[in-house]
Amino acid sequence: MARLRAESIVYRHDIKNPNSLSNDEVNALLEDRNGNLWIGTSGGLNKFDPRTQKFTVYLTSNGLPNNEITGLLADKVGNIWIGTIAGLSKFDPSRQTFRNYNTADGLQSNQFKTGAYYHGLSGKMYFGGVDGYSYFEPTQVQDNTAIPPVVLTNFKIFEQPVALPQALTYLPQLGLSYRDQFFSFEFAALDYTNSAENNYAYKLEGFDQDWISVGQRRYASYTNLDAGDYVFRVKASNNDEVWNETGASIQLTITPPPWKTWWAYGLYVLLFVGSIAGYVRYKTNIQAKELARQRKELEQERLVTERLREVDKLKDEFLANTSHELRTPLNGIIGITESMMEGAVGKLTSEQKYNLSLVSSSGRRLTNLVNDILDFAKLQHQELQLDIKPVDIREVANIVLTLSAPLVANKPVQLKNNIPTDLAAASAEENRLQQIMHNLIGNAIKFTESGEVAVSAKIMEHKSSKTPLIEISITDTGIGIPADKLEVIFESFQQVDASMTRVYSGTGLGLPITKRLIELHGGTIQVESQLGKGSRFTFTLPVSEQPLERHAAEAVVQKAIRTREDSQPVVTVSATMLTENKDYTILVVDDEVVNIQVLTNYLSMHNFGVLKALDGFEALEILGKQKPDLVLLDIMMPRMSGYEVCKKIRESYPAHELPVIMLTAKNQVSDLVVGFAAGANDYLTKPFAKNELLARVNTHLRLAKINNAYSRFVPQQFLNFLDRDSIIDVKLGDQIQKEMTVLFSDIRSFTTLSEQMTPQENFNFLNDYLRQVSPVIREHHGFIDKYIGDAIMALFAQQPNDAIQAAIAMQHKVAAYNVQRQESGQPAHKYWRGTAYGERDVGDSRGK
């Protein structure tokens, strides 16, 4: 201790350090014979090792009766006797075991006082407590080493003792029914030294995994055990924890209920196996029926497929045969038309030639369509045979570019042939190669508004073939193709823009046929494109191994001209009146020049004036300058559809004022509904009969004329007040109250004046007067509601000031009118005007 004080080392409890002092409140100190320092605190027993400077802590979890240490003494054999507030304890440092004593062992009390301990010279130890002090000779305090016998004393079912043929502890086995759901065993250790301190532990083998320690409790209970065989074992210790590990045991058998016996389980197995067998049989039958049904469906599908193939083949054959048969009449139409244009039936006027050129152009367009259908049918059935020969690519490109020049029309587009003159010949059929280039170059010109269309070619080595290939490219600076359309443009009947407002028409067969023809030649085609910048179509053909047969250039061009069937005259149409002094003017809106010419011919023959427009924007521009009496409107037009044009027209003109008849090849009910919803008056499906067209035009013009006649007596503003489109929509009693200003005007002393004039002079005078004042009223947002002899009553629904300004303007007009009368020798007249503002009833009160 002197050494500790000399070094002045302070030890305190550190919650973060498990090897520190367990508690700072020290109650007792003891140095053992080995030099270890034992420290009793209010928080456990501590052993301090001077060599390691570490504390070892012992707590109730290690065996202490309590962590509050009140005294420490050491006996001759090295045991540490510890006083606590919960009894006395003997600690064996060598075995690290605690032996605890309490009042049952003869102590005056379990609670000892701090510092009340003493080791006498005789070897006795004294510990003071709350009820006196306890003293003893440590060597005389001996443990009870007798192993206590263990017996089973009682057995209960539902807390009722069971009568047994002999003592329970001697019975080898107990039998229970499944109904005995709650039972218990009682047991005892036959050691009476301090029987109250005997401890017990039990286990039911087959149910409990480990021994269950119950302290001094002498019974064990179980509930709801499954049927089976068990062994109940119990062991006990005396007051000094000397255990009888053998203890006592008894076998226990619980019989199962009838539904859990072996024969019941056997029945269950039989039922399960039978169910499985039945289910398998059922599923087998179902599967057999399903297989039969599928076979039947497959057979039906096969028959349907074969039938569809037959029908498809018949359709293709019919289409091909029909297309083939169309060639004869088409050849006649084109041939006779062109011969008439060349003067076969005499001299023709320019208008006659123009009409004939449209007939020839339409015939050639139909011929091209027929040829495409025939080629498509042949390619579908692999019936197209090629006549392969060496072909000069540059020469063919020159021919196609020359014949395609008219397609450029007035567009600032240059056609370029960049193919080298020394390029090797290609192995191809010349006519089909021309067809391929016509399709690709024609498309490039169609979709290019400015810039250039160029053809180039070069020799390339094919990676998978020893035969070199010629790579031909057609490049344009057109509108380009969207990326999501590049994969589908070579599919049949596919178009980049399939909307009704597309600018460029077509059947969707050109590129698929081109692709198939190139593949028949042993080549491939691909496309690169960027929107707004242009496209590049590139295809390959094998290089010919045979020498090229040179033709005279002129002969080749003439041959190409004869075989070129899609060349057509470039025709234009102006939006001028074809004829003058007609009864009615009709605006014809169609993007097809041929359709416009057909309608123009029909209408002009029946005394109708015609205005023409090629698209919706041009039509609206004409309507902004001149109002026709009727509009014939195509639906599918570039940039703006007929539906959109009709909606724009209805923003300015109601249906009864400007009739619109839609002309289209779309004849579905949904198309009709959309057309009428857009404001159309009527619908006529192409191709239409001339008499039907004229009958519908006359009917709508007559209705419009009747409506216009009504409007002279019932102003449109009046109908607007009642929210009606026409006078025929007004019902008896329709009326509305509205604040407005009334302007009343009449001629002073008109009765005296009229007596001095003839009836005709009176009529002319009133008409001259009304021609002066009526426009003034309309210019100031008013309308004339009544004519009462020489008087008029006008209504102004917007601002009262409109009526006042109209009255002032009328005064100026009449003053100028009087000057004219005086200059012509006629007398001037005086006029009276008045206004009134307030709420007025406007409506039809006939019969009310």
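Let's start at a helix pair: R432, Q435, I436, N439, L440 and N443 in α5 meet G510, L511, I513, T514, L517 and I518 in α6. Contact here means heavy atoms within 4.5 Å. Sorted by type, the residues of that contact are six nonpolar, five polar and one charged. Ala, Val, Leu, Ile, Met, Phe, Trp, Tyr, Cys and Pro count as nonpolar, Asp, Glu, Lys and Arg as charged, and the others, Gly among them, as polar.

Some ground rules. This is a predicted model, where local features need pLDDT of at least 70 and side-chain atom pairs count only at pLDDT 80 or more, while totals for chains, interfaces and linings use all residues. Residues are numbered from 1 along each chain as its sequence is written, and side-chain values use heavy atoms, with hydrogens and water left out.

Back to the geometry. Helix α5 covers residues 430-446 and helix α6 covers residues 510-520. They pack at an angle of about 140°, with their axes 10 Å apart. Axes are lines fitted to C-alpha atoms, for helices over the stretch in contact, and angles run from 0 to 180 degrees between N-to-C directions. The crossing of α5 past α6 is left-handed. Left-handed means the near helix is turned anticlockwise from the far one by less than a right angle; right-handed means clockwise.

Now a second pair. Helix α15 (residues 759-779) and helix α16 (residues 800-823) have axes that come within 9 Å and cross at roughly 145°. This crossing is right-handed. On the α15 side, the contact uses F765, D768, Y769, Q772, V773, V776 and I777. On the α16 side, it uses A806, A809, M810, K813, V814, Y817 and R821. That contact divides into ten nonpolar residues, one polar and three charged.

One more residue in α16: I808. The cut-offs: buried is under 20% relative accessible area, exposed over 50%, partly exposed in between, with a 1.4 Å probe and protein chains only. I808 and V776 sit 32 residues apart along the chain, and their C-alpha atoms are separated by 9.7 Å.

Let's zoom out. The chain has 848 residues, and 40% of them are buried. Its secondary structure comes to 16 helices and 36 strands. These are DSSP runs, numbered from the N terminus: helices are H or I with at least four residues, strands are E with at least two. Take contacts between residues at least 6 apart in sequence: 62% join residues at least 24 apart.

Next, aromatics. How many aromatic pairs does the structure hold? The count is 31. Rings of Phe, Tyr and Trp (its six-membered ring) pair if their centres lie within 6.5 Å; planes under 30 degrees apart count as stacked, over 60 as edge-to-face and the rest as tilted. Take F155 and F183. Their ring centres are 6.0 Å apart and their planes are at 40°, so the pair is tilted. F155 is in strand β12 (residues 150-157) and F183 in strand β15 (residues 182-189), 28 residues apart, which links distant parts of the chain. F155 is buried at 1% relative accessible area, and F183 is buried at 1% too. Both belong to one aromatic cluster, together with F185, F187, Y200, Y202, F207, Y222 and F232.

L152 is also in strand β12. L152 is buried, at 4% relative accessible area. Leaving aside neighbours within four places in sequence, L152 has contacts including L168, E186, F187, F232 and I250. L152 and F187 are 35 residues apart in sequence, yet 4.3 Å apart C-alpha to C-alpha.

Charges over rings come next. The test is NZ of Lys or CZ of Arg within 6 Å of the ring centre and within 35 degrees of the ring normal. R217 has its charged end over the ring of Y219, 4.7 Å from the centre. K235 does this over W211, at 4.5 Å.

Last item: backbone. Most residues other than glycine have a negative phi. N224 has a positive phi, near 50°. N224 is in the loop between β18 (219-223) and β19, and it is exposed at 54%. N607 also has a positive phi, about 65°. N607 is in the loop between α8 (593-604) and β29 (608-613), and it is partly exposed at 32%.
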